[in-house]
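Here is a short briefing to read alongside the model. Keep the viewer open and follow the topics one by one.

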Amino acid sequence: MDASADGTDERRFSRKSVLRAAVAAGVALPVAMMGVPALARTVGQEGGLLEPTPMCDDGDDPTPPQTEGPYFKPNSPRRTSLVDAGTPGTRLTVTGYVFGLACQPIANALLDFWQADVNGVYDNTGFRFRGHQFTNANGAFTLSTIVPGLYPGRTRHIHVKVQAPGRPVLTTQLYFPGEPRNQTDTIFDPRLLMTVRSVGSGREAAFDFVLNVPQSSTNPTTTTTTTPSQPGGTWASGTNYVAGDQVTYGGAGYVCLQAHLAQPGWEPPNVPALWRAA
Ligand SMILES: [Fe+2]
């Protein structure tokens with residue numbers, strides 16, 4: 001289901017996606033991660049390879065935290081599926097990886113998910129649509145659930161806490177592309193958009209977490225920064241962009257993928273859900 005594997009969605013061709021594909025393909029991880037410059041390539045508009053990215057910094061900053069909200073409950077059951085045969089709602093499978101700062105996958109990371117049911121209601125007495133699990137040896141996870149319902153004041157979202165062994169907890173939320181309320185929900189952050197596609201009557205979503213966990217690089221001497229000295233360009237915070245708008249930033253051109261109000265931190269290379277390389 002990894003769209004990056006067949007090239008159907010170039011937004012998935014981030015450095016993380018390449019690593020994700022390498023992991024999925026069973027590439028020996030120490031070798032794969034040692035060859036950072038070789039892996040750290042971004043595929044451009046014509047499918048050609050652009051400059052290698054010297055560091056894990058092309059949108060792979062740590063996953064931003066978000067408010068826990070009022071409905072978290074501790075001690076959720078350990079399970080990867082929150083549904084059974086009779087559960088109403090559109091089936092949704094969320095898959096992804098948990099990475100550290102050097103883009104190396106983290107095994108045994110805790111993921112604790114909670115969400116509303118199809119009617120936008122949280123179970124605050126029991127544990128419906130609540131469950132925790134751990135990433136496997138490759139740092140991967142899979143959650144089987146439904147598309148959460150809407151409730152007043154919020155856009156569609158899934159709550160999650162993610163924790164590498166012995167590290168602080170990241171509390172955040174995951175979002176769905178194309179939701180009208182993404183435009184008005186003040187908590188919404190496009191950096192937390194999942195990649196979602198329809199498969200049959202269900203949905204398949206992908207999201208990779210990057211935790212603020214230091215990892216020793218196996219090739220630290222090759223990380224000399226070659227990023228542009230002056231990011232600059234026509235992109236401007238505070239501008240209302242619509243799909244198809246074109247800007248420049250850091251010497252590169254980008255095309256807007258969905259309407260949004262530009263904000264600091266949402267510069268084109270940081271939010272592949274909003275901008276693709278032109
Ligand atoms: Fe919520």
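This is a predicted model: local features need pLDDT of at least 70, side-chain atom pairs count only at pLDDT 80 or more; totals for chains, interfaces and linings use all residues.

Among contacts between residues at least 6 apart in sequence, 63% join residues at least 24 apart.

**Q263 and its surroundings**

- Q263 is found in the loop between β13 (260–261) and β14.
- Q263 counts as partly exposed because it has 13 C-beta neighbours inside 10 Å, a count that falls between the cut-offs of 12 or fewer for exposed and 20 or more for buried.
- Along the chain, Q263 and A236 are 27 residues apart, and 8.2 Å separates their C-alpha atoms.

**The four-stranded sheet**

- Four strands make an open sheet in the order β3-β2-β5-β6, with antiparallel pairing.
- At its edges are β3 (130–134) and β6 (170–175), each of which pairs on one side only.
- From one strand to the next, the twist averages 25°.
- Within this sheet, strand β2 (residues 110–114) pairs with strand β5 (residues 157–163) in the antiparallel sense, over five bridges.

**The three-stranded sheet**

- Another open sheet has three strands in the order β11-β12-β14, also with antiparallel pairing.
- Its edge strands are β11 (246–249) and β14 (275–277), and each pairs on one side only.
- Neighbouring strands here are turned by 40° against each other on average, direction ignored.
- Four bridges link β11 to strand β12 (residues 252–256) in the antiparallel sense.
- Y249 has A252 as its bridge partner in β12.

**Strand β8 and its partners**

- Strand β8 (residues 202–206) pairs with strand β1 (residues 91–99) in the parallel sense over four bridges, and T95 stands opposite A206 in β8.
- Strand β7 (residues 195–199) also pairs with β8, in the antiparallel sense over five bridges, with S198 opposite R203 in β8.
- β7 and β8 form a hairpin with two residues between them.
- In the turn of that hairpin, G200 has a positive phi of about 60°.

- N75 has a positive phi of about 65° although it is not a glycine, and its place is in the loop between α4 (36–39) and β1.
- Is N75 buried or exposed? N75 is exposed, because 8 other C-beta atoms lie within 10 Å and the cut-off for exposed is 12 or fewer.
- F129 is not a glycine either, and its phi has a positive value near 55°; F129 sits in the loop between β2 and β3.
- Is F129 buried or exposed? F129 counts as buried, because it has 24 C-beta neighbours inside 10 Å and the cut-off for buried is 20 or more.

Terms used:
Residues are numbered from 1 along each chain as its sequence is written. Two strands pair if DSSP finds at least two bridges between them. Axes are lines fitted to C-alpha atoms, for helices over the stretch in contact, and angles run from 0 to 180 degrees between N-to-C directions. Two residues are in contact if their C-beta atoms, placed from the backbone, lie within 7 Å.
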